[in-house]
Amino acid sequence: MKQDLRIRFCDGLSASYAVQEMEITNVNEYDAIAKQKLPKMIYDYYASGAEDQWTLQENRNAFSRILFRPRILIDVTNIDLSTTVLGFKISMPIMIAPSAMQKMAHPEGEYATARAASAHNTIMTLSSWATSSVEEVASTGPGIRFFQLYVYKDRNVVAQLVRRAERAGFKAIALTVDTPRLGRREADIKNRFTLPPYLTLKNFEGLDLGKMDKANDSGLASYVAGQIDRSLSWKDVQWLQTITKLPILVKGVVTAEDARIAVQAGAAGIIVSNHGARQLDYVPATISCLEEVVKAVQGRIPVFLDGGVRRGTDVFKALALGAAGIFIGRPVVFALAAEGELGVRKVLQMLHDEFELTMALSGCRSLKEITRDHITAEWDKPRILPRL
């Protein structure tokens, strides 16, 4: 895929992008293309982190402090990347994280992402702040989809969202728990970010939102953000289980203490996440928190990783530290901005191929063969090697 960064609009509804000059060889390159294509306000919304953005950089940098210990002379003719997540068989442990307002990146937005995930037989998580509704995403065809949920002051709104996700065939709830208030994202403050007036948060259309003064669709976005319940507690995780039979993944755990409570509260799984470094700055990278959470859970529920994954090598490192799978966010919206559904498909394919190669070069033929012994991390004590 080559890119000259010019937009060519087709039929006024979808955009395809001419390709010249640069061959896309890895996921990171879509970032620069998206920055060229998108209005500054929209690119900054997707790309920026909280305050000094230290955690945003650390989410990536921490992966470089984990090195491989590859095993050799192992027959890697056949490599199996498939796995099972909450009972659902998928082609690889690489899934799509919830990213809000994807139609800002491309006219087809979440539709394109859903089709790309389905084509690769992997899981898409739909943001509750999506610019396409659960019903619209379900209409794109078959696929395994999770629904990301915030808890709002009005629990009736929460119940309505959950019921709609259930009816639309979504298979799990990813409950975001690290957002009692939105983090301070200074780029959005400088840009006076607002949802473009031609878009709306589709999952909130038709809901009983109580009394609300909504002048326009972008006003809905501001209203919804202000309705997140600051009093959210573990009791609400248990309450959620009383209104749905869907498994609940707790998204936003970064400590052993909270991991143990999540297990006790009946969570079906944990997503180690710092909200893409958009909430509390100077929290550690998620890859740095992962092993602590995995050890605390003791295999009772699966642990997933969200944050900073840009290479197949990153996927391998996460699985070696105990993750059952990973979720990607920004690479999806950047590829969406560049090439729509085709871009998202390419991102998934590139990560798949890099991960498969990493497995082969590490001497692993299946996910179960990826172990802690295949890596060494900066926090490890010096290894005492056996005498020959």
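Over which residues does pLDDT stay under 50, with 10 contacts beyond four places in sequence? The answer is residues 211–218. I begin there because what we have before us is a predicted model, and where pLDDT is low, the predicted coordinates should not be read in detail.

For the protein taken as a whole, the mean pLDDT is 90, and 89% of the residues reach 70 or more. A further stretch, residues 1–20, has a pLDDT below 50, and the model gives this stretch 53 contacts beyond near neighbours in sequence.

The UniProt record, an unreviewed entry, carries the annotation "binding site" for Tyr-45, Tyr-150, Arg-185, His-275 and Arg-278. Of these residues, Tyr-150 is included in the lining of the largest cavity. The unreviewed entry also lists His-275 under "active site".

Let us take Tyr-150 in more detail. This residue is placed in the loop that runs between strand E8 (145–149) and helix H6 (155–167). Is Tyr-150 buried or exposed? With a relative accessibility of 7%, Tyr-150 falls below the 20% limit and therefore counts as buried. Apart from its neighbours within four places in sequence, Tyr-150 has contacts with Ser-128, Trp-129, Val-158, Thr-176, Thr-179, Ile-228 and His-275.

That brings us to His-275, which sits in the loop between strand E11 (269–272) and helix H11 (286–297). His-275 has a relative accessible area of 12% and is likewise buried. Which residues does His-275 touch, not counting those up to four places away in sequence? They are Tyr-150, Thr-176, Asp-178, Thr-179 and Arg-185.

I now move to the aromatic residues. The model contains 9 aromatic pairs. One of them joins Tyr-45 and Phe-193: their rings are stacked, at 4.3 Å centre to centre and with 10° between the planes. Why does this pair tie together separate parts of the chain? Tyr-45 belongs to helix H2 (residues 40–47), whereas Phe-193 is in the loop between helix H7 (186–191) and helix H8 (217–226), so the two parts being tied together are 148 residues apart in sequence.

A second pair is made by Tyr-152 and Phe-204. Their ring centres are 5.6 Å apart and their planes stand at 90°, so this pair is edge-to-face. Here too distant parts of the chain are linked: Tyr-152 is in the loop between E8 and H6, Phe-204 is in the loop between H7 and H8, and 52 residues separate them. Both partners are buried, Tyr-152 with a relative accessible area of 2% and Phe-204 with 3%.

Finally, a word on the cysteines. How many disulfides does the structure hold? The number is 0. Cys-289 is buried, at 3% relative accessibility, and Cys-364 is buried as well, at 0%.

To close, I return to the annotated site. Tyr-150 and His-275 are in contact with each other, and each is buried, Tyr-150 at 7% and His-275 at 12%.

How values were computed: Residues are numbered from 1 along each chain as its sequence is written. This is a predicted model: local features need pLDDT of at least 70, side-chain atom pairs count only at pLDDT 80 or more; totals for chains, interfaces and linings use all residues. Side-chain values use heavy atoms; hydrogens and water are left out. A disulfide is a pair of cysteine sulfur atoms within 2.5 Å. Buried means under 20% relative accessible area, exposed over 50%, partly exposed in between (1.4 Å probe, protein chains only). pLDDT is the predictor's confidence in each residue, from 0 to 100. Contact means heavy atoms within 4.5 Å. UniProt positions are given in the numbering used here, feature names are shortened, and annotations may be inferred rather than shown by experiment. On a 1 Å grid over the protein atoms alone, a cavity is a set of points where a 1.4 Å probe fits but cannot get out, and a pocket is an open set with protein on both sides within 12 Å along at least five of seven lines; lining residues have an atom within 4 Å of a point. Helices (H or I, at least four residues) and strands (E, at least two) are DSSP runs, numbered from the N terminus. Rings of Phe, Tyr and Trp (its six-membered ring) pair if their centres lie within 6.5 Å; planes under 30 degrees apart count as stacked, over 60 as edge-to-face and the rest as tilted.
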